[in-house]
Amino acid sequence: MTNRLKFYCAWFCPFAQRAWIALLEKGLDFEYIEYNPYKEKTKEFLQLNPRGLVPVIEVNGKSVYESDICIEFVDEYGGKKNRLLPTDTLDRAKMRIVSGYISREITPLYYRMLLKQDKNIQESVKSELLSNLKTLMDFKSDSSTFFGGDKLSMPDIMLAPFAMRFPVLQHHRGFQIPDTEEYKAVHKWINACQNQPSVMKSTCDTDKSIMIYASYADGTAAVRSKL
């Protein structure tokens with residue numbers, strides 16, 4: 001592992017932040033390369049990722065992309081230190097199940113709430129997101145700070161970038177997680193993530209995030225969505 005990784009990231013992208021957190025958690029040496037895929041898609045970059053999106057991790061001219069794959073690659077590449085997935089086969093499968101739940105039942109709702117202009121749909125999505133967040137906490141032990149125990153694991157890294165951007169939903173759609181006993185576990189998990197150095201270092205300014213997503217919220221973004 002003498003070759004320094006090249007990490008292509010966009011500061012505003014929550015998917016890219018997943019890979020960024022993973023790299024920081026593993027303590028890997030990497031070169032951060034800011035790349036906005038919506039402004040440029042060079043031939044060289046498309047060779048690294050034909051989809052033209054971040055995150056991309058390059059090592060020795062070869063590349064890895066897709067945020068969940070990047071997390072697993074970083075974990076394996078970085079060796080036994082600060083494992084992001086358990087070594088036990090069944091436990092590792094469970095962490096992938098939780099990560100899959102986040103990808104299917106949490107992340108799409110974040111964008112659906114922003115992109116849908118119908119207020120009735122927005123309210124329906126709010127209720128669904130709150131319900132799914134509460135269900136997600138059932139995957140985590142009450143005695144554990146994170147899904148993997150006392151440190152960040154793959155599911156935490158999958159969700160944290162979006163949780164850090166919940167203020168965007170609050171600003172544009174009035175979304176709030178109730179401060180009740182029912183959602184105590186959600187608030188506790190979010191607060192724990194906010195205090196992690198890897199999350200703090202990689203999370204962009206809230207006001208900038210609100211600005212970035214304004215076009216999503218007002219319907220002017222050139223986004224093709226099936227949400």
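The side chains of Glu123 and Lys126 meet in a salt bridge, with 2.8 Å from N to O. A salt bridge here is a side-chain nitrogen of Lys or Arg within 4 Å of a carboxyl oxygen of Asp or Glu. Side chains of opposite charge can pair when their charged atoms come close. Glu123 and Lys126 both belong to helix 6 and stand 3 residues apart, about one turn of the helix. Helices (H or I, at least four residues) and strands (E, at least two) are DSSP runs, numbered from the N terminus. Glu123 is partly exposed, because its relative accessibility is 43%, whereas Lys126 is buried, because its relative accessibility is 11%. Buried means under 20% relative accessible area, exposed means over 50%, and partly exposed lies in between (1.4 Å probe, protein chains only).

The model is predicted: local features need pLDDT of at least 70, and side-chain atom pairs count only at pLDDT 80 or more, while totals for chains, interfaces and linings use all residues. Residues are numbered from 1 along each chain as its sequence is written, and side-chain values use heavy atoms, with hydrogens and water left out.

A search of the whole structure finds 8 salt bridges. One of them joins the side chains of Asp75 and Lys26, at 3.0 Å from N to O. Asp75 is in helix 3 and Lys26 in helix 1, so this pair ties together parts that are 49 residues apart in sequence. Asp75 and Lys26 are both buried. Another salt bridge links the side chains of Arg51 and Glu66, at 2.8 Å from N to O. Arg51 sits in the loop between helix 2 (43-48) and strand 3 (56-59), and Glu66 in the loop between strand 4 (62-65) and helix 3, so the pair ties together parts that are 15 residues apart in sequence. Glu66 is partly exposed, because its relative accessible area is 31%.

Next comes the division of the chain. The protein is divided into domain 1 (6-78) and domain 2 (89-218), with bounds that come from an automatic or database domain assignment. The centres of domain 1 and domain 2, taken over C-alpha atoms, are separated by 21 Å. How many residues of domain 1 are in contact with domain 2? There are 15 residues of domain 1 in contact with 22 residues of domain 2, where contact means heavy atoms within 4.5 Å.

The size of an interface is often given as the accessible area lost when the parts come together. Domain 1 and domain 2 bury about 1800 Å² between them, 67% of it on carbon and sulfur atoms. Buried area is the accessible area (1.4 Å probe) that two parts lose on being put together, summed over both. Trp11, Gln17 and Arg18 supply 33% of the area that domain 1 buries against domain 2, more than any other three residues.

Across the interface of domain 1 and domain 2 the rule finds 1 salt bridge. The same interface has 8 residue pairs in polar contact, both residues at pLDDT 80 or more. A polar contact is a pair of N or O atoms within 3.5 Å; within protein, one must be able to donate a hydrogen and the other to accept it, and residues adjacent in sequence count only if both atoms are side-chain atoms. On the side of domain 1 that touches domain 2, the elements that give two or more residues are helix 1 (14-26) and helix 3 (67-77). Helix 1 gives the largest share of that side, 9 residues.

Gln17 lies in helix 1. Gln17 counts as buried because its relative accessible area is 1%. The side chain of Gln17 makes a polar contact with the side chain of Thr203, at 2.7 Å. Leaving out residues up to four places away in sequence, Gln17 touches Pro161, Arg165, Val199, Ser202 and Thr203.

In helix 9 (residues 184-194), the buried residues are Val186, Trp189, Ile190, Ala192 and Cys193. They cover an arc of only 160° around the axis, which puts them on the same side of helix 9. The arc is that of the directions from the helix axis to the C-beta atoms. Among the elements that cover these residues are helix 6 (119-136), helix 7 (154-163), helix 8 (166-173) and helix 10 (197-202).

In helix 8, Phe166, Val168, Leu169 and Arg173 are buried. Their arc around the axis is only 150°, which puts them on the same side of helix 8. Just after helix 8, Gly174 takes a positive phi of about 70°.
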